[in-house]
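Open the model in your viewer and keep the selection panel at hand.

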Amino acid sequence: MENNNLIEIGGVIKSDFTFSHEIYGEGFWRFDVEISRLSGQSDILPVTVSERIVEREKMQIGQAVTIKGQIRSYNNYVEADRKNRLVLTVFARDIELLSEAPESSPNEVILEGYLCKPAIYRTTPFGREIADLLVAVNRSYNKSDYIPCIAWGRNARYAGKLQVGDHIRLWGRMQSRQYQKKMDEFTVVEKTAYEVSVSKVEKVEAAEKVPDEE
């Protein structure tokens, strides 16, 4: 597994399995996992897994699990919007069934890739600094995953100075966020966004440069 895209999460299964897609005769299934935050809130993240590494009959709603894998992205055409929408999922490489939910639910992400759009730096009405990033992470067969990330405070200030094409590494957690989208004058639809909340970000070249000896 590529070490430029790693995620480990732990929580409980929140939904039934639904069929996702098939590639070369291998079926993939989708389900949701609920991960508790220290604040008491939860993130509900979509997980995609090969039928070859799970026994679905053992993975019922409420089953505690830890999952290791990667964050993958794909474009999904949304008829209502008449455009492609970037969709994220946790692509499971390994799943462990637990007897009970872990006291401290892991949610750890490490990504290394390239900034593919200008960072959007802004401040909230309460003065909180935020930067939105879109990071392209390479994977096998000349493919890439495009992963939205959000940084706060000094990480946001640092990220706001990055340039398109910069090679960066970041650490954080994957989170879900509810928002409302106005479709027309009379219709508002609640949607869910997924992104990586950044706890640390650095340029790879600067981080790996060895200081001169005195």
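Strands here are DSSP E runs of at least two residues, helices are H or I runs of at least four, and both are numbered from the N terminus. This is a predicted model, in which local features need pLDDT of at least 70 and side-chain atom pairs count only at pLDDT 80 or more, while totals for chains, interfaces and linings use all residues. Residues are numbered from 1 along each chain as its sequence is written, and side-chain values use heavy atoms, with hydrogens and water left out.

A pocket is an open set of points on a 1 Å grid over the protein atoms alone, where a 1.4 Å probe fits, with protein on both sides within 12 Å along at least five of seven lines; lining residues have an atom within 4 Å of a point. Points are joined across faces, edges and corners, and the volume is the space filled by probe spheres set on them. Of the 24 lining residues, I23, F28, R72, F91 and R139 lie nearest the centre. At least two lining residues come from each of β2, β3, β4, β5 and β6. The lining divides into 9 nonpolar, 7 polar and 8 charged residues. Nonpolar covers Ala, Val, Leu, Ile, Met, Phe, Trp, Tyr, Cys and Pro; charged covers Asp, Glu, Lys and Arg; the others, Gly among them, are polar.

Next, pick T48 in strand β4 (residues 42-50). T48 is buried, with a relative accessible area of 6%. Buried means under 20%, exposed over 50%, and partly exposed in between (1.4 Å probe, protein chains only). Beyond four places in sequence, T48 touches H21, F28, W29, T89, V90, F91 and A92; contact means heavy atoms within 4.5 Å.

Turn to the rings. How many aromatic pairs does the structure hold? There are 3 aromatic pairs. Rings of Phe, Tyr and Trp (its six-membered ring) pair if their centres lie within 6.5 Å; planes under 30 degrees apart are stacked, over 60 edge-to-face, the rest tilted. Select F17 and F31: they are stacked, 4.6 Å centre to centre, with 25° between the planes. F17 lies in the loop between β1 (5-13) and β2 (18-23) and F31 in strand β3 (residues 26-36), so the pair ties together parts 14 residues apart in sequence. F17 is buried at 16% relative accessibility, and F31 is buried at 0%.

Then select F28 and F91, a tilted pair at 6.0 Å centre to centre and 35° between the planes. R72 lies over the face of F91, 4.2 Å from the ring centre. A charge sits over a ring if NZ of Lys or CZ of Arg is within 6 Å of the ring centre and within 35 degrees of the ring normal.

Finish at the largest pocket, with a volume of about 800 Å³. It is lined by 30 residues, with R85, L86, P148, A193 and Y194 nearest its centre. β6 gives the most to this lining, with 7 residues.
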